[in-house]
Amino acid sequence: MATMKKLAVCALLLGSVFTIGTALAAGNKTIVTVVKLAGETWFTRMDQGVKDYGVKTAGVTTSEIGPGKADAAQQERLIEDLIARGVDAIAVVPFDPPMLEGVLKRAMDRGIKVMTHEANNLKNTQVDMEAFDNAAFGAHFNDQLADCMGKSGTWTSFVGSLGSLTHVQWADASAANAAKKYPDMKLVSAKNESFNDANTAYNKAKELLKKFPDLKGIEGGSAVDVIGIGRAVEEAGLVGKICVYGIGMPNDTSRYLKSGAVNGISLWDPKDAGFVMNKIAHMLVDGTEFKEGMDLGVPGYNNMHVKQGPGKGIIVTGQAWIDVNKDNLDKYNF
Amino acid sequence: MEPGYRAIGMNSQNPSRSETVKAEPEATATGPFLELRGIHKRFAGVYALRGIDLTIEAGEIYHLMGENGCGKSTLIKIISGALSPDEGSILIGGREVVLSPIGALSAGVETVYQDLSLLPNLSVAENTALSQQLVESEGRLARRIDRARLMDTAVKALAAVGLPTDARFCATAVEELPIATRQLVAIARAIATDAKLVIMDEPTSALTRREVENLIGVVDRLRAGGVAVLFVSHKLDESKSIGGRFIVMRDGAKVMEGNIADHSKSELSYWMTGKTLDVARYRHAAHGGEPLLEVNRLGRTGAFKDVSFALARGEIIGITGLLDSGRNELARALVGVNPADSGTIQLAGRPITLRRPIDAIDAGIGYVPEDRLSEGLFLEKPVRSNIVAEVLGQLVDRFGKIDVGRSRTLATKIAADLQIVAANLDNPVQSLSGGNQQRVLIGRGLTIDPKLFVLHGPTVGVDVGSKDTIFRIIQKLAGDGMGVILVSDDMPELLQNCDRIIVMRKGMIAETFEAENVDEDTLYHSLLLER
Amino acid sequence: MLKGLLVGNVVVDRQLNFLVSVNVLVLVAAVAIAGTSFVNVYNLQSMAVQIPELGLLGIGVALAMIAGNGGIDLSGIAVANLSGIVAALLVPMWVSADDSPLIFAFVFGGVCLCIGIVCGLINGLLISRAGLTPIIATLGTSMAYSGISVVVSNGSGIRLGYIEPLDDFGHMAVLGVPICFALFIAIAAAIGVALRFTPFGVRLYLLGSNAKAARYAGFSQSGLQLVTYTISGILASIAGLIIAARISSVKWDYGTSYVLIAILIAVMAGVRPSGGYGRIVCVVLSTTALQMLSSMFNFLDISNFFRDFAWGLLLLAFLQISRIDLRSRLFGKS
């Protein structure tokens with residue numbers, strides 16, 4: 001049938017177009033980075049670091065891949081296929097860490113090296129890399145927010161999902177920080193879920209602004225939350241009257257940073273993170289030892305703190321956060 | 001006009017004749033309006049039309065007759081431009097044309113199809129003037145609706161068919177009208193343009209006698225105005241009473257034409273089917289036997305009440321009445337579809353309650369529904385499945401699986417008994433003709449070994465040949481000891497087949513007649529009588 | 001005259017042929033582009049264990065569609081997750097996983113099935129007795145079941161830990177065929193046979209073909225619907241059991257992307273959404289085709305978006321192949 005032939009040609013063409021990276025030089029190690037959600041700006045930036053590492057390092061082929069929807073099931077299936085493919089190392093940013101325990105164990109049983117990022121409660125990983133101490137980061141958000149709010153008033157927080165470990169850790173640390181240092185700040189409706197979707201965050205923020213008319217501060221959780229929150233703040237005409245801080249991407253949030261709807265974002269450069277993730281994966285493949293204080297050659301990751309993780313693996317932590325606001329926005333073009 | 005020739009079977013003309021027939025050098029006013037020459041039409045290699053020659057003169061009435069499957073619909077579609085012939089030529093006013101639907105409309109060919117093709121949410125006026133608007137706007141209706149002319153045209157046409165022309169009626173949405181009125185609106189649309197030929201496909205199926213007479217008056221006026229009218233109809237009696245010329249088709253070819261007055265119904269039936277049919281009374285056997293069904297003061301709120309009658313084994317009783325007489329609801333109550341809420345039914349001496357269809361089936365009541373397409377058949381499913389649908393539970397083997405062999409045997413036997421013509425019982429039942437489809441449903445009723453058989457409009461949309469077969473089957477059912485109830489509005493059918501005929505009016509039984517002793521006129525009179 | 005042609009059978013064979021061809025084609029293309037590792041035992045088994053959860057949900061949707069009345073079941077994955085969560089919470093209270101893992105596994109399965117029966121019955125009753133449209137009824141129950149799952153599990157995943165019989169059920173292969181895949185095939189075969197050869201099956205098809213005629217023929221529409229949706233619920237709970245066995249975790253929002261994928265599987269199997277037609281063997285082939293395509297793309301590092309695009313193309317090709325306008329060409333109503 002003519003249609004069948006066309007389909008075959010399409011499949012072959014598509015395959016060849018994207019197989020550039022798969023042309024393995026004999027002996028090249030494959031490291032595949034699995035992210036939470038393909039197409040999200042954060043992970044598109046991370047891909048630059050992933051590619052960078054592959055280009056700058058000999059004997060290693062790197063690539064990034066991710067599911068089209070934020071669903072633990074899709075990520076799990078991706079990794080199953082990577083195991084079957086027989087890659088040398090997997091670097092994962094888990095959407096829901098506990099749901100990947102099984103498949104990552106299977107990967108390691110098959111001799112594949114496994115490292116993770118933003119998953120310090122995961123047992124079945126050899127190394128989990130954190131850009132910074134999550135509790136400190138959460139507290140840092142809160143301090144910025146409190147400063148803006150004049151240390152008093154009602155505030156709330158967002159997360160990507162209740163399973164997104166790091167977001168929850170930041171939100172919890174933030175709350176703890178406020179409880180300890182700012183008794184006049186009242187937290188309402190903590191950890192609203194946005195599912196990494198700006199529209200969901202926008203709608204939720206609108207609801208919250210209506211429900212708590214005296215709301216003075218909002219903290220975002222996933223990188224797109226502040227976009228939705230900023231839009232809601234602008235529409236409600238509350239620019240300058242309500243403090244918004246969160247994690248975000250400079251280019252995506254620039255409009256709201258400039259208008260003042262979002263006061264500031266803190267983040268770590270996913271490009272650096274991607275680079276470091278692949279470096280660590282490579283170190284695992286080569287069997288290099290991880291030492292306290294080691295320098296991974298990337299700013300913010302020059303002095304890694306090593307500690308035991310919940311399983312047999314270790315957690316390595318850097319100090320790589322950056323604060324971006326409308327004054328230094330032009331320095332960060334991603 | 002060529003002398004009527006008798007050619008039964010293939011047309012003698014050479015089928016490979018070229019299409020470029022020279023048109024008449026001049027279109028004379030006295031020449032025929034429409035001519036078809038050597039029309040052939042094939043569908044996937046099988047002939048639907050073979051070498052059809054046809055002449056339509058202005059101001060004449062024609063009756064196109066033939067069994068289902070003979071090619072009537074295909075011929076109509078070619079004349080109205082919906083299909084184009086594979087070979088042959090069409091001449092209008094002496095000039096050869098290639099027709100499209102809009103082209104046919106512009107040439108003055110109007111068709112009133114069986115399904116009326118009205119736009120239900122548009123008003124009467126809009127529907128009536130639709131054809132005219134289409135023609136004048138050359139198909140670009142959305143851009144050029146001329147509202148003033150629309151009302152003008154509509155009012156004139158509605159008046160011509162005897163419908164009201166007041167503003168309220170004209171603004172009513174067509175879907176709110178009863179079917180008889182809709183049929184007249186469809187006819188009004190056909191005559192609203194300056195039609196030269198009006199084709200009507202089964203135009204009287206929903207009309208009462210009075211309305212039929214009104215229609216005949218309309219047709220007469222058209223004729224007088226020089227318009228040709230072509231009827232497609234199964235109702236031989238009606239065609240004969242309207243008069244004019246007839247054309248009989250069989251198996252895609254024209255087999256006979258002439259003046260309808262010159263020939264009897266049995267001759268016409270013979271040409272249509274190739275068989276001699278006994279068109280007189282079918283019911284000959286003496287009836288009577290043990291009492292089978294006793295219906296006592298049966299009623300259903302809002303539909304009918306106080307219905308009592310009895311039926312003996314081997315007896316055939318007809319139930320008729322106008323649409324609002326409750327006869328359809330009574331039929332459905334007797335089979336559990338719309339249950340009665342008062343009164344009793346006794347079957348073979350035992351009282352039964354029929355609350356759902358399965359109750360009736362379990363009690364041994366077979367039913368052929370009124371509308372076989374929407375209420376009876378599973379159209380895309382095989383003929384076999386349609387036949388055995390009600391007895392699936394009886395065809396299982398000891399594992400609970402359906403025994404395909406037994407299922408096939410049963411279906412084949414039933415098909416043979418009822419003379420169901422189907423190339424393969426695994427074909428979808430929608431591939432069968434109307435008459436065969438009805439017999440499938442009769443077959444389904446027979447699978448449950450019924451004591452009582454209720455047939456609701458069994459020969460609606462069924463051609464003469466199949467009608468005959470079905471009537472013979474009905475007689476055989478009675479002969480086998482079943483009680484048969486025929487619910488119908490087809491008077492000849494009831495007169496030919498029943499022992500007694502019950503006439504209902506406004507939800508109650510009005511009169512009961514012995515079929516042998518009554519004629520059509522008396523029945524009609526009883527139907528319409530105001531109490 | 002023209003009426004004796006086998007239109008029905010022509011359509012059926014075309015769809016089956018298309019699906020078989022696609023399966024073969026994808027397999028061949030995958031081997032050609034991604035390498036022979038695609039067809040090594042590990043990958044075949046890996047793909048095989050990913051299939052059952054999708055396939056069972058697809059069969060559930062197919063059954064609902066066949067029954068007609070705008071039939072569909074949107075609550076599949078919600079029932080699956082709820083089954084797993086309830087079982088994960090209840091069974092440890094009765095049986096110790098360490099002491100008697102086999103009994104634990106069986107009781108776990110039993111609880112899942114019970115939940116599936118109850119949830120399916122509720123769907124069936126809402127549709128057959130309360131007369132709700134299936135899409136609305138199952139949308140509502142989907143949210144209700146998810147809601148119960150969230151509340152009962154506090155929004156977080158429940159780890160089952162390593163329970164050997166369950167893990168074996170999820171991963172182990174007997175004679176090269178993974179147990180859960182064999183179970184899926186057995187279930188599909190049983191349902192396929194039941195649909196084709198039992199009175200229930202034939203009545204279901206007829207009901208979907210013409211509900212009014214079915215009523216006149218004495219069928220119990222409500223009875224048939226009740227059974228259909230209950231079976232769908234049971235299939236979903238088995239999918240939940242398989243998920244729990246594979247991942248050793250259960251979570252309320254696992255597999256949210258499965259709802260649409262299940263519908264895609266059913267439609268691409270030729271199941272008619274208006275009712276009365278559908279073959280289970282085609283549902284199985286549809287699932288395997290989609291799975292292999294997905295895995296092939298993962299092998300090639302092709303983004304999941306292109307996978308969704310490819311699935312869409314496949315669906316369109318399928319619809320093109322099955323498009324039958326033969327009736328008017330062959331029969332030309334006379």
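This is a predicted model: local features need pLDDT of at least 70, side-chain atom pairs count only at pLDDT 80 or more; totals for chains, interfaces and linings use all residues.
Residues are numbered from 1 along each chain as its sequence is written, chains are lettered from A and ligands numbered from 1 in the order in which they are written, and side-chain values use heavy atoms, with hydrogens and water left out.

The angle between α8 (residues 199-209) of chain C and α10(C) is about 110 degrees, and their axes lie 11 Å apart. Axes are lines fitted to C-alpha atoms, for helices over the stretch in contact, and angles run from 0 to 180 degrees between N-to-C directions. Helices (H or I, at least four residues) and strands (E, at least two) are DSSP runs, numbered from the N terminus. From α8(C), the residues C:F200, C:R203, C:L204 and C:L207 meet C:Q221, C:L224, C:V227, C:T228 and C:I231 of α10(C), where contact means heavy atoms within 4.5 Å. Six of the residues in this contact are nonpolar, two are polar and one is charged. In this scheme Ala, Val, Leu, Ile, Met, Phe, Trp, Tyr, Cys and Pro count as nonpolar, Asp, Glu, Lys and Arg as charged, and the others, Gly among them, as polar.

Helix α10 (residues 221-247) of chain C also packs with α6 (residues 164-171) of chain C, at about 105 degrees and with the axes 7 Å apart. That angle makes α6(C) roughly perpendicular to α10(C). On the α6(C) side C:L166, C:D167, C:F169, C:G170 and C:H171 take part, and they meet C:L241, C:I242, C:A245 and C:R246 in α10(C). The contact of α6(C) with α10(C) has five nonpolar, two polar and two charged residues.

The loop between α10 and β4 (249-250) of chain C holds C:S248. This serine has a positive phi of about 55 degrees although it is not a glycine. C:S248 has a relative accessible area of 17% and is buried (buried means under 20% relative accessible area, exposed over 50%, partly exposed in between, with a 1.4 Å probe and protein chains only). C:D301, in the loop between α12 (280-299) and α13 (304-322) of chain C, is likewise not a glycine and has a positive phi of about 60 degrees. Its relative accessibility is 18%, so C:D301 counts as buried.

The axes of α7 (residues 198-211) and α8 (residues 225-235) of chain A come within 7 Å and cross at roughly 45 degrees, which makes α7(A) oblique to α8(A). Their crossing is right-handed, meaning that the near helix is turned clockwise from the far one by less than a right angle (anticlockwise for left-handed). The contact of α7(A) with α8(A) has nine nonpolar, two polar and four charged residues.

In chain B, B:S431 lies in the loop between α15 (404-417) and α16 (434-447). B:S431 is buried, at 1% relative accessible area. Its side chain reaches the backbone oxygen of B:P428 at 2.6 Å.

Between chains, two pairs touch, and chains A and C have the most contacts of these. Chains A and B do not touch, and their nearest C-alpha atoms are 20 Å apart.

Conventions:
Angles under 35 degrees count as roughly parallel, over 145 as roughly antiparallel, 65 to 115 as roughly perpendicular and the rest as oblique. A polar contact is a pair of N or O atoms within 3.5 Å; within protein, one must be able to donate a hydrogen and the other to accept it, and residues adjacent in sequence count only if both atoms are side-chain atoms.
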